[in-house]
Amino acid sequence: MTTEEAEVEPRIGVYVCHCGLNIAGTVDCEEVAEFASTLPNVVVAEDTRYACSDQGQETIKKDIKEHNLNRVVVASCSPRLHEPTFRKTCEEAGLNKYLFEMANIREHCSWVHLHDKKAATEKAKDLVRAAVAKVTLLEPAIESEVPITTSALIIGGGVAGIQAALDLADTGYKVYLVEKEPSIGGRMAQIDKTFPTMDCSICILAPKMSDVGHHPNVELLTNSEVQEVKGYIGNFKVKVLKKPRYVTDECSACNECSEVCPITAPNEFDVGLATRRAIYTPFAQAVPSTYIVDRDLCLNKEGIMACDKCIRACEREAIDFDMKPETLELEVGTIIVATGADVYDPSSLPNYGYTRYLNVITSLEFERLINAGGPSGGNLIRPSDKKIPESVAFIQCVGSRTDKGNQYCSNVCCMNTIKDSLLIKEHWPDVKIYVFYVDIRAFGKGFEDLYKRAKEEGAIFIRGLPAEVIEDRKTRNLWLIGENTLQKELYRVNVGMVVLSIGIEPRPGSDVIQRLFTLSRTPDGFFMEAHPKLRPVDTPTGGIFLAGCAESPKDIKDSVTQASAAAARAGILMAQGKVTVEAITPRPIPENCEFCGLCARVCPYNAILVDKERERVEVIEAACTGCGTCGAECSFDALHMRHFTNTQILAQIDALTETEADKKIIAFCCNWCAYAGADFAGVSRMQYPPNVRIIRTMCSGRVSPKFVEHAFSRGAGAVLVAGCHPGDCHYIDANLQTQKRVEKLWKKMERLGVDKERLQLLWASAAEGERVASKIREMQAKLDKLAPEEIEKAKGVFAGS
Amino acid sequence: MNQGDRMTQHPLAKYLRSERMPHIWCEGCGNGVLLSSFLTALDELKVDLDKIVVVSGIGCIGRAAGYVNVDSFHTTHGRAIAFATGVKLANPDLQVVVISGDGDLFAIGGNHFIHAARRNIDIKVICANNFNYGMTGGQYGPTTPLEAWTTTTPYGNIEHPFNLVHLAAASGAVYVARWTTLHVRRLKDSIKKSLQKEGFSFIEVISPCPTIFDRYNKRGTAVEVMKWFRLISNVKHGYDPARTEITNNQIIVGEFVDVERPSYGRLLREMTKRVQEKLKEEKAK
Amino acid sequence: MVLPKKLWRTPLDTEKISLPKAEITIQPDLCKGCDFCIEFCPRKVLEKSDQLNKRGIYPPKVADESKCTICGFCTAICPDFAIFITEKKCKEGCEDEK
Amino acid sequence: MKSRAVLTGTHFLSGDLACAEGAIAAGCRFFGGYPITPATEISERMSRRLVEVGGVYIQMEDEIGSLAAVIGASYTGKKAMTATSGPGFSLMQENIGLAVMTEAPLVIVNIMRGGPSTGQPTMPSQQDVMQAKWGSHGDYEIIALAPSSVQEMFDLTIDCFNLAESYRVPVMLLADEIIGHMSERVKIPPPEEITIIDRKKPKVPPNEYRPFKPDDDLVPPMGCFGEGYRFHATGLTHDEKGAPKTVSVEEQTKLVRRLCDKIRKNTHKIVRVQEVMLEDAEVAVLAYGIASRAALSAVRKARKEGIKAGLLRLITIWPFPTELVAKMADHVTAIVVPEMNYGQLVREVERAAKTTPVSLLSKLGEEPHRPSEIITAMRRALQ
């Protein structure tokens, strides 16, 4: 039946969206609509203020019925944003959603050519022409469904991970919570009180921790790390390395072993302010409570038991030095990344003297000091003489909002300092408190009141960070010297102790996580959401979500909120129980097939079976993710890459090179990185030359050499192939094929005496809009110098391809 | 003060016939380490020293029996296990431990070993394996590695050695472990475990022979041999005994067998009880 | 759990933690000089003595008793019962027992 | 009530079975052996009877192990034995030495068969007489008794245990295939009529105990494993404490001499013989074991025929009653020694008889001596 539908004469409706002034401000939408109406098979062509609005959608539906349209094009924003919306519109009007195509005239046009209305409009026309060309050749398709494994993996056992785990587990889903430290709890466990309510942090966290520990639906994997992630939304296969604790579940946390252990070390949990043993538990409320042996410290090395004090002390015989690491293979449907963040290391700011002056501490050290369960039993003592200081100074924005550290605001430091100043005042009203700040950011619910209270309690807020902190050799007191930027005068303050309000930064291991889950990161290094407004906890990779500081610095409340949101998003998927696989998988065309097996060889998912003897070729639907690199590899047109067919893409090229080909850059961008990068450039209003024409493929691996050659044979000035960075490919390593093919083409161009500079390869992540923009600028510059003969030559040598 | 007196200060002194210290063993010989682990095991288990018998055969380690301050017997070459069998069966209240060498237990005494294991006689056999006949000056034995140099393999050993762990397991031992003399604590724990377990236990102790075998085979000083043990030994509990053969680059150590099987003594006593009850009944009629 | 990049401070409770102090007894004339104790001491507490014993070998001597954790490995590994460790009865030289 | 250990009453038993019953009656509670013709029946009987009386029967992997196990049992205070024949006896020589050296009281029954080597398993012989004394290396003494009837198989087995316990020495019962296999009437007395001797126990506390320090009779009291004496025993030359003395001339001399002398100096107490019509005898027949049966009837017949014949039957062959034989030799003109071997004990007789002519009447394999043969031998001897 699909073929029948395909055979009926195409009747196309084109809708050019103003998006308020977002598009119309730059592009002459009426003119574009006008132009569209002249294109073959276009029955209706109108411009509309907001295509995505109900009204806009209604119009489309109405037209489909009245003019019995069998194809629809919407020229508006990025398909990554609204394609789903309009596909739904079509379906509601009884039109198969695969007969819809978008022209991205906002992110890729109006926003990036703000100052060249004419060129922008021309570009918009081209993009519409290409869309129409493609939509004409589109075929209806029925999506196949894949079941979703109803279990979730959560990476990171901080408060975000804990919350997400509880929410999902309570909903009834199996949850694997992976934490690389010996205990869950994260940073919240280290903090004394929470702002603005001044709750005891561990008191409100501990119950949640033990809930997770005992929840029948939660499998807690501490001291463990994710090693490998395979599969796709709803069907991930995850390898987790469970490192040995050397203490079995028999452990009753009686501490006997720790007491006899002769080896001591600074306890990480107390930021080194307290001592632990080689066999220990990080803190009293740790979950699991099972102890752990630090084998780097322990005297027993290389299988030789030098010391067996703990073993003999343990009545339950819970200590086993022969535990081996084990690799667990988990099958999960959804994944939540809650890997948290790290703190800024102020020792890289010599002017504050951290690590040189004993009485300069970080806000994290402060939390442990002020904590009743901490090393000083809650006494605010200064390390040098263990006395309570008469005055304390807080220095804000240490490592935040500065070229010396991180550019961004760490979000929590202001409130944390305000909270800390109140804590001091509460216990030791006479202690003088100075807060040196740049701005005080007390934007959240109840924050401003807290700020007021701090001031009322007598904390002195001085705008302007000290330029330098100097220690008084005798008293070990500290001089803070800087400028009060409000009173425009220099200050010189002497205090007993300085607290550096250190910022939050991405975990060092983030790049590993990024690769494992094929995520993107912002220039700050935090993980990037699928859409900053509409999909704030999704990642570009289906089935993977974000929560907590891994996504950006945030306080406990926001982390928990985001965690619940992520849990809900994951829950929705699993509740549906199935995902529909986009109908973009290849269909073999046996009559063309030579059964050479090349397609099978390049498939990253081994989703193609080729049987040379019995002359059979088969595509495994469930395993295939539609990257299309097989289609690009096939030189016999034996693979019909649904929705991205050779004919469709060639038609797009033809459309885009119909006029002034020689002035144009034809760009093939992969959906996940390069295309998204270009979108990001648009969102960020980065300006670049208007001559580029972007064709979207799912993966750069789809770009068949013949597309490039065809573009040149059509006289295109230049061609850009852009995809994800190697290792970040959303189809494992399909983009390695891209590289091979482009390199082959370069050789060929050299051989044929064509300027190989005209073909460019770009790796750009979804966050690297600027990278895309500057590449286009650079290519434009080359293009301007290009001689017409060169264009002709290429036309000639590639003619017929 | 003389050495005997000084011995008595040592925490293990009460388990030793201190007056016979220092022992006859060479510098760096593993036998002393084995003995000390054994005594530590007795100490930690608080064993009733009146109820334990140590039996040894011939060879360097054979002298161990003479040093332990318990009932002990130094038998003829290879016969320790047979003698121990008699002791254990005749007085089941005694804990009988055989401490002997690879040559004594597995060449001349091999037959007694496999049969005692098969019968599951409730005795504990600890074997010091130094890969040669040390006391007679370093001749090759049943555990000497292929190609090794000994005084009777001047052109290199052409015999294949026994894998004692495999042999013991195949013969029916209910507990089989192997450690080197560097794994003292684990060795001690294995000894403790075997002492608390009913049935035929076998513990192989890979032991340096610095004066003879290791010197002949250029393995260096005792310390170097011990370091080599550390380098190539690999703890694999529960590993298939058939695959634990010792090679030049790996000594697999650990507990390989730990199963429950009624001992000969238990079965004998049960049978006796049955028979005697039957006789009583018959008499009653 | 968030870990600081380096832990550079001496913990505040350092002097509260009192580890038992070792008393190492070496019986030089029982020693045959295998050096196991010197080589395998995890804390490198022992070194070769410079004085010959009755047997004409160099027994071990204590290099730094304070480093000893009383793990007792030297006692366990000594083939000649020539060395053992006891806990120093707390008088001089070690923390007051609270 | 009747004791299960002592089957008091009159029975018709084979020699082997009588031996087993004797052992049980004597208090033997451990048997370690290996099956061998013609001693198998002893093992079989013991395997049944020991279980009935709560003893231990174990069939070892060979005769070496058997005797080793028996020594072990003996050291726990149990009365222990083994039974074998020539080839097995050869294997036991190693541990006979160990038993002698460690002074382990135990009993070895040897039902002699034809040798050398595997020889004639089902045929009688007296070929192990010398091996019994000299078979193991080094200087040593043992005790050996030679039963000549099934009743004696019972009685002498008990004596063997008593001697072993008295002198802390391995004691051998040297029977032969015929005695072992033939059946006769056996009277088993009530327990109270059976004399049982147990080894001497130490009278000193463990810390003063010297396991190899002898009393005046040269026999050290024996503490047993598990009794708290915590002593050491070794096959090496040792001092009174049991400490190895491998290079001391003094200890070697002291120990070896005592081990021999405790038997030699007590020979008169140990030796038992049967004298028949020796008072006025001109020709004496000296026999033991199976040969002595024909000898007895030969002597009686000879008297009827007017020959002044007499019989000296040795019940104890080791230690050899030299003095006794010498005294007898002074009163007779000739001595005839019928043996089921090619001349073994006859050498001891010649040594003792000095000038008195001694003639051997040797028999190998097949059936035992006939009285007529012995009479002919006596006539020849008198000529």
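What percentage of the 285 residues of chain B count as buried? Select chain B and colour by burial: 59% of its residues are buried, meaning that 20 or more other C-beta atoms, placed from the backbone, lie within 10 Å of the residue's own.

A word on the model before moving on. This is a predicted model, in which local features need pLDDT of at least 70 and side-chain atom pairs count only at pLDDT 80 or more, while totals for chains, interfaces and linings use all residues. Residues are numbered from 1 along each chain as its sequence is written, with chains lettered from A and ligands numbered from 1 in the order in which they are written.

You will find eleven helices and eight strands, counted as DSSP runs (helices H or I, at least four residues; strands E, at least two) and numbered from the N terminus. Chain B has a radius of gyration of 20 Å, close to the 19 Å from the globule rule for 285 residues, so it is as compact as a globular protein of that length; the radius is taken over C-alpha atoms, and the rule is 2.2 Å times the number of residues to the power 0.38.

Next, show chain D beside chain B. Their contact takes 37 residues from chain D and 36 residues from chain B, where contact puts C-beta atoms, placed from the backbone, within 7 Å. On the chain D side, α3(D) gives the most, with nine residues.

Zoom in on H74(B), whose bridge partner in β10(D) is T234(D).

Conventions:
A residue is buried if 20 or more other C-beta atoms lie within 10 Å of its own, exposed if 12 or fewer, and partly exposed in between; C-beta atoms are placed from the backbone. Two residues are in contact if their C-beta atoms, placed from the backbone, lie within 7 Å. Two strands pair if DSSP finds at least two bridges between them.
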